[in-house]
Amino acid sequence: MAPLTASSVLASLHGSTRTLARMLAIAFALGCAALPAQADLAEIQKKGVFKVATEDDYQPFNFIQDGKPVGFHADMLADLQKFMAKKNVKVQQEILPWTGLLASVAAGQYDMAYTGALVTEERLKVFNFTPPFASAQHFYIKRAGDKSLGDIPTLSGKTVGVQAGSALLARLPELEAMLKKVGGKLGKVVEYPSYPEAMADLANGRLDYVIDAVVPANTIVAAKPKVFAKGVAVSGGGFAGWPIPKNNPELLKLMTEFMAELRKSGRLAELQKKWFGEAFPALPTEPITNFEQFKKLAGM
């Protein structure tokens with residue numbers, strides 16, 4: 001068996017982001033020195049550049065409309081730039097496909113994932129998360145008018161679509177346990193590079209249902225009520241926040257200050273209402289750094 005090195009770990013990430021936390025957790029266990037060096041806050045300030053990675057196909061967090069980036073993160077970018085300017089730092093944003101985004105941040109190519117990333121046990125082995133900016137409990141979405149799907153037992157054996165490498169995929173065991181409890185079973189799981197592709201297949205009848213977090217689920221159903229309908233919750237509580245590599249605690253502290261400033265000014269609630277349809281005043285105000293803390297906050 002070939003020895004595990006930083007290069008072999010990272011090479012595996014390019015093939016499948018589902019292995020992200022597993023492979024990096026192994027590398028952490030063998031010694032953090034085997035991992036790529038991250039730019040700490042002092043280095044970021046020295047260079048004067050804060051590099052963030054964003055996807056552009058996940059409504060309402062970040063997406064393209066009429067050729068321009070829009071959404072929660074696009075609106076907040078000016079606030080982030082203004083905040084970082086106080087530290088004499090410019091925000092450099094780059095657009096990446098979701099399937100490679102977290103691996104790129106873990107590899108040290110970016111300082112933070114500036115997108116609607118959901119907190120999971122696997123990701124917490126590699127990243128700390130800023131205080132969350134949105135609820136992320138999971139719900140299923142079906143075709144409007146499909147009366148065959150209702151409560152949890154009706155999902156037994158049905159084909160479900162989820163985004164590859166996503167938190168929705170990582171927490172499917174919760175739905176599997178719910179189904180097992182009522183004598184059912186999880187059906188075929190189909191993974192997609194992005195949610196628009198999954199929703200298209202749902203509309204065309206290639207899938208029975210799709211699982212997404214509450215915010216994007218509300219968004220797609222509100223936009224196309226004659227095509228889609230939201231079903232019941234298929235997970236416990238959840239949160240969306242920005243992942244920062246664990247070896248940069250000072251940056252995490254700075255982004256926690258940024259979130260506190262947004263809450264105090266009312267800007268966070270304003271953007272939540274605009275893009276999510278509601279504010280989330282009960283969200284945790286501290287960073288999420290380990291799974292035990294996450295379980296307690298999520299009531300799992």
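Colleague: In which sense do strand 10 and strand 14 pair, and over how many bridges?

Modeller: Strands of a sheet pair through backbone hydrogen bonds, and the pairing is either parallel or antiparallel. In this predicted model, strand 10 and strand 14 (residues 228-233) pair in the antiparallel sense, over 4 bridges. Within that pairing, Phe139 stands opposite Ala233 in strand 14.

Colleague: Which residue of strand 13 stands opposite Tyr140?

Modeller: Tyr140 faces Ile211 in strand 13. Strand 10 and strand 13 (residues 209-213) run antiparallel and are joined by 4 bridges.

Colleague: Does Lys142 count as buried or exposed, and which residues does Lys142 touch?

Modeller: Lys142 has a relative accessibility of 14% and therefore counts as buried, the cut-off being under 20%. Leaving aside residues up to four places away in sequence, Lys142 touches Leu149, Leu202, Asp208, Val227, Phe228 and Ala229. As for Met199, 57 residues separate it from Lys142 along the chain, and the two C-alpha atoms are 9.2 Å apart.

Colleague: What is the strand order of the open sheet with antiparallel pairing?

Modeller: The 3 strands of that open sheet follow the order 7-15-9, and their pairing is antiparallel. Strand 7 (117-118) and strand 9 (134-135) stand at the edges with a single partner strand each, so one side of each is left without a neighbour in the sheet. Strand 7 and strand 15 (residues 239-241) are paired over 2 bridges in the antiparallel sense, and Leu118 stands opposite Ala240 in strand 15.

Colleague: What is the strand order of the open sheet with parallel pairing, and which are its edge strands?

Modeller: The open sheet of 3 strands with parallel pairing has the order 5-1-6. Its edge strands are strand 5 (90-95) and strand 6 (112-113), each of which pairs on one side only. Strand 1 (residues 49-54) and strand 6 pair in the parallel sense over 2 bridges, with Ala53 opposite Ala113 in strand 6.

Colleague: Turning to helices, how is a packed pair to be described?

Modeller: Two packed helices are described by the angle between their axes and the distance between the axes. For helix 4 and helix 11 (residues 267-276), the axes come within 10 Å and cross at roughly 160°. That angle makes helix 4 roughly antiparallel to helix 11, and the crossing is right-handed. On the side of helix 4, Phe72, Asp75, Met76 and Asp79 take part, meeting residues of helix 11 that include Arg267, Leu268, Leu271 and Trp275.

Colleague: At what angle do the axes of helix 4 and helix 10 cross?

Modeller: The axes of helix 4 and helix 10 (residues 249-265) cross at roughly 120° and come within 11 Å. The two helices are therefore oblique to each other. Their contact is made by Met76, Asp79, Leu80, Phe83 and Met84 of helix 4, together with Leu254, Met255, Glu257, Phe258, Glu261 and Leu262 of helix 10. This crossing, too, is right-handed.

Colleague: Where does His73 lie, and is His73 buried or exposed?

Modeller: His73 lies in helix 4 (residues 72-85). At 1% relative accessibility, His73 counts as buried. Residues up to four places away in sequence aside, His73 touches Phe61, Asn62, Tyr114, Thr115, Gly116, Phe133 and Trp242.

Colleague: How many helices and strands does the protein chain have, and what percentage of its residues count as buried?

Modeller: The protein chain has 12 helices and 16 strands, and 50% of its 300 residues count as buried. Among contacts between residues at least 6 apart in sequence, 77% join residues at least 24 apart.

Colleague: What average pLDDT does the protein chain have, and where is the pLDDT below 50?

Modeller: The chain averages a pLDDT of 87, with 87% of the residues scoring at least 70. Over residues 1-35 the pLDDT is below 50, and this stretch has 44 contacts in the model beyond near neighbours in sequence.

Terms used. Residues are numbered from 1 along each chain as its sequence is written. This is a predicted model: local features need pLDDT of at least 70, side-chain atom pairs count only at pLDDT 80 or more; totals for chains, interfaces and linings use all residues. Side-chain values use heavy atoms; hydrogens and water are left out. Two strands pair if DSSP finds at least two bridges between them. pLDDT is the predictor's confidence in each residue, from 0 to 100. Contact means heavy atoms within 4.5 Å. Buried means under 20% relative accessible area, exposed over 50%, partly exposed in between (1.4 Å probe, protein chains only). Axes are lines fitted to C-alpha atoms, for helices over the stretch in contact, and angles run from 0 to 180 degrees between N-to-C directions. Angles under 35 degrees count as roughly parallel, over 145 as roughly antiparallel, 65 to 115 as roughly perpendicular and the rest as oblique. A crossing is left-handed if the near helix is turned anticlockwise from the far one by less than a right angle, and right-handed if clockwise.
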